[in-house]
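Subject: Structure for you to look over, with notes

Dear colleague,

Please find below the structure I promised to pass on to you. My notes come after it, and I would be glad if you read them with the model open.

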Amino acid sequence: MATLESAHPRASRAAGRQTRRALLDAASRLFGERPLASVSGAEIARQAGAFPSQVTYYFGSKEALFVEAACREMLHLAADVERAGARTRTPRGYVRAVVHAAAGSPALLTFVEAALLVRRRRDLAPRVRETFARLHTEGERAVAEKLAARGWRINAAPADEARGFWAAIIGVAIESAVSGEGFSPDSADAAVQLVLNLYADVD
């Protein structure tokens, strides 16, 4: 009996994690297609196979779920960006690969929307700040590892390169959203050149 009783809380926690993950997955899909205002908590719950009340139970509000999903997708994007640059052999190839991998992702604009949302929902700001911190930290690590592995030289600290990269990419995403044209190759190429200016030797 003791074994069964002790197993029950573990099963409940596992089920809770599964429900929470299903809500995040559904939210990511829906918010990737439509803006926050046009997606309801009930719709997210329905796609996740959950109850509408579970959105509030696990996240507190639809807005909090939106921010959590946006931040998660942004960190997934950062991992995709790092993988895109892993096989490159020159600074130019590296920068072009990571810029184009990042700039074409719908996760960027969703994250920008989440970042703007916290201007009026300060309670949601910590998650966005944490995501920015991880983008910068992981970006700094990736750049430092690439420099060490390839023997490249850079005219800035890896931390500055990482911050500059994400600032440029988010700017490209905002410009593309304003123009209504989606991914802008010209803006992406400008971001490539901006980041390349930090490298001492460019092939």
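Predicted model: local features only at pLDDT ≥ 70, side-chain atom pairs only at ≥ 80, totals over all residues.

Residues are numbered from 1 along each chain as its sequence is written, and side-chain values use heavy atoms, with hydrogens and water left out.

Helices here are DSSP runs (H or I, at least four residues), numbered from the N terminus, while strands are runs of E of at least two. Axes are lines fitted to C-alpha atoms, for helices over the stretch in contact, and the angles run from 0 to 180 degrees between N-to-C directions. Angles under 35 degrees count as roughly parallel, over 145 as roughly antiparallel, 65 to 115 as roughly perpendicular, and the rest as oblique. A contact means heavy atoms within 4.5 Å.

Helix α6 (residues 107–117) and helix α8 (residues 158–179) have axes that come within 9 Å of each other and cross at roughly 95 degrees, which makes α6 roughly perpendicular to α8. On the α6 side the contact is made by Leu108, Leu109 and Val112, and on the α8 side by Trp166, Ile169, Ile170, Ala173, Ile174 and Ala177. Sorted by class, this contact has 9 nonpolar residues, with no polar and no charged ones; the classes take Ala, Val, Leu, Ile, Met, Phe, Trp, Tyr, Cys and Pro as nonpolar, Asp, Glu, Lys and Arg as charged, and the others, Gly among them, as polar.

Helix α5 (residues 91–103) also meets α8, with axes that come within 10 Å and cross at roughly 45 degrees, and α5 is therefore oblique to α8. The crossing of α5 past α8 is right-handed, the convention being that a crossing is left-handed if the near helix is turned anticlockwise from the far one by less than a right angle, and right-handed if clockwise. Val98, Val99, Ala102 and Ala103 of α5 touch Phe165, Trp166, Ile169 and Val172 of α8, and by class this contact has 8 nonpolar, no polar and no charged residues.

For α7 and α8 the packing angle is about 120 degrees, with the axes 8 Å apart, so that these two helices are oblique to each other. Here, too, α7 passes α8 in a right-handed crossing. The residues of α7 that take part are Phe132, Leu135, His136, Gly139, Glu140, Val143, Ala144 and Leu147, and they meet Pro158, Ala159, Glu161, Ala162, Arg163, Trp166 and Ile170 of α8. By class, the contact of α7 with α8 has 10 nonpolar, 2 polar and 3 charged residues.

Salt bridges

A search of the whole structure finds 12 salt bridges, each being a side-chain nitrogen of Lys or Arg within 4 Å of a carboxyl oxygen of Asp or Glu. In the accessibility terms used from here on, buried means under 20% relative accessible area, exposed over 50%, and partly exposed in between, with a 1.4 Å probe and protein chains only.

Arginine 121 pairs with aspartate 123, their closest N and O atoms being 2.8 Å apart, and aspartate 123 is exposed at a relative accessible area of 52%. Within helix α7 (residues 125–150), arginine 127 and glutamate 130 lie 3 residues apart, about one turn of the helix, and their side chains form a salt bridge at 3.5 Å, N to O. Arginine 127 counts as buried at 18% relative accessibility, whereas glutamate 130 is partly exposed at 40%.

Arginine 141 and glutamate 145, 4 residues apart in α7, are joined by a salt bridge of 3.1 Å, N to O. Arginine 141 is partly exposed at 29%, as is glutamate 145 at 43%. Salt bridges that share partners link Glu82, Glu138, Arg141 and Glu145 into one network.

Helix α2 and glycine 49

In helix α2 (residues 41–48) the buried residues are Gly41, Glu43, Ile44, Ala45 and Ala48. Glycine 49 follows α2 and has a positive phi, near 70 degrees; glycine 49 is found in the loop between α2 and α3 (52–59) and counts as exposed at 72% relative accessibility.
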